[in-house]
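Please keep the sequence and the model in view while reading.

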Amino acid sequence: MRTSSRTSGVLGTALLAVLLLAGCTGSGSDESFSASAGADSAADVAAEAPAEAAGIRLDGAVEGDLREVITTGSLTLVTDEPRAAVQAIAELVESSGGRVESRSEHSAQDGSDASGQITVRVPAAQVTATVDALDGVGEVQDVSLDAEDVTATAIDLDARVQALGTSVARLEALMGQAATTADLLAAEKELTARQAELESLQSQRASLTDRVDMSTLHVQVVAEAPAATIRPAGFLGGLDRGWSALLKTIDGLVVVLGVLLPWIAVAALVALVVRIVVRRTRRRRAGGSPTDTGRAPLSGPDAGPGDSPHESKPLVEAGDRRG
């Protein structure tokens with residue numbers, strides 16, 4: 001009986017010690033979690049928040065059936081006073097809540113009429129009304145409108161902005177729970193990177209929203225409409241194309257001749273100079289004969305070095321007479 005009592009007492013003491021040790025370990029784990037929460041949870045926030053934010057934004061977009069469209073257009077306006085028409089377009093756009101992005105005007109010069117170009121931004125809901133109102137300024141021609149659906153891009157940006165906003169809020173909360181300086185610095189570094197990325201996404205979303213809300217129109221203002229040239233088909237069309245090709249070829253040959261003509265002239269001048277020099281050299285060589293030394297040529301094999309044909313001729317005549 002005494003042995004069993006002692007055994008039960010020892011077991012009870014050991015169990016109590018184990019329970020106390022477990023309690024101490026649990027409190028130590030809680031304190032270490034609060035110290036390292038900023039570093040461990042900061043990496044998990046980015047993985048959890050985008051999925052939640054994207055789900056919320058996607059559900060809202062599907063339920064509301066919202067579409068975001070960027071509209072851009074261009075047109076030609078024909079009027080007798082292009083410069084006055086550019087001013088009228090600017091006033092019309094500003095009165096409808098739009099703004100002028102760029103503007104240029106050109107006065108009439110020799111061989112060219114006055115013209116102008118203006119790029120405006122108008123509310124997306126008033127694009128059609130603005131184009132119709134331009135008929136009062138001049139004759140609207142060559143209208144072109146393009147629409148680009150950017151709903152998916154807008155949804156993605158909204159999801160990422162919301163996710164990073166949630167991540168930043170959680171990191172700020174974890175910074176308040178950091179127990180050590182190292183945990184605080186790690187959480188602060190991660191928070192700075194998330195805030196910079198959040199500001200970049202917010203800037204992209206603002207730019208996209210501006211392009212959706214304000215459509216862009218490029219207006220070219222001219223005094224006369226560009227003439228449409230209709231080229232004949234069939235035999236006449238082929239003849240016209242052949243004649244045009246021939247004229248272009250002749251024009252190209254004339255250009256080449258104009259480039260080569262100065263070189264040809266210089267080459268001809270050099271050749272003329274060389275020919276003159278060669279002729280003079282040949283004449284000098286031909287003039288260098290024995291008569292130039294003052295001696296007369298011999299008349300026969302017995303003629304002496306000082307004899308000449310004129311001196312021997314009288315002797316021959318005298319012999320003939322004697323005979």
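Two residues are in contact when heavy atoms of theirs lie within 4.5 Å. The model described here is predicted.

**Nonpolar cores**
- The largest nonpolar core comprises 17 residues, and Leu77, Ile89, Ile118, Val219 and Val221 have the most contacts inside it.
- At least two residues of this core come from each of strand 1 (69-78), helix 2 (82-95), strand 3 (115-123), helix 3 (127-133) and strand 5 (214-222).
- The greatest contribution to this core, 5 residues, is that of helix 2.
- Leaving aside residues up to four places away in sequence, Ile89 touches Leu77, Ile118, Leu134, Val137, Val219 and Val221.
- Another core, of 13 residues, lies apart from the largest one; Leu157, Leu164, Leu191 and Leu208 are among its members.
- In soluble globular proteins, nonpolar side chains tend to be buried together.

**Helix 5**
- Helix 5 covers residues 181-213, 33 residues in total; at 1.5 Å a residue it should span 48 Å, which agrees with the 47 Å between its end C-alpha atoms.
- Its buried residues are Asp183, Ala187, Leu191, Arg194, Leu198, Leu201, Arg205, Leu208 and Val212.

**Glu68**
- Glu68 is located in the loop between helix 1 (2-64) and strand 1.
- Because its relative accessible area is 17%, under the 20% limit, Glu68 counts as buried.
- The side chain of Glu68 forms a polar contact of 2.9 Å with the side chain of Arg205, one of the buried residues of helix 5.

Notes. Residues are numbered from 1 along each chain as its sequence is written. This is a predicted model: local features need pLDDT of at least 70, side-chain atom pairs count only at pLDDT 80 or more; totals for chains, interfaces and linings use all residues. Side-chain values use heavy atoms; hydrogens and water are left out. A nonpolar core is a set of buried Ala, Val, Leu, Ile, Met, Phe, Trp, Tyr and Cys residues joined through side-chain atoms within 4.5 Å. Buried means under 20% relative accessible area, exposed over 50%, partly exposed in between (1.4 Å probe, protein chains only). Helices (H or I, at least four residues) and strands (E, at least two) are DSSP runs, numbered from the N terminus. The expected span of a helix is 1.5 Å times one less than its number of residues. A polar contact is a pair of N or O atoms within 3.5 Å; within protein, one must be able to donate a hydrogen and the other to accept it, and residues adjacent in sequence count only if both atoms are side-chain atoms.
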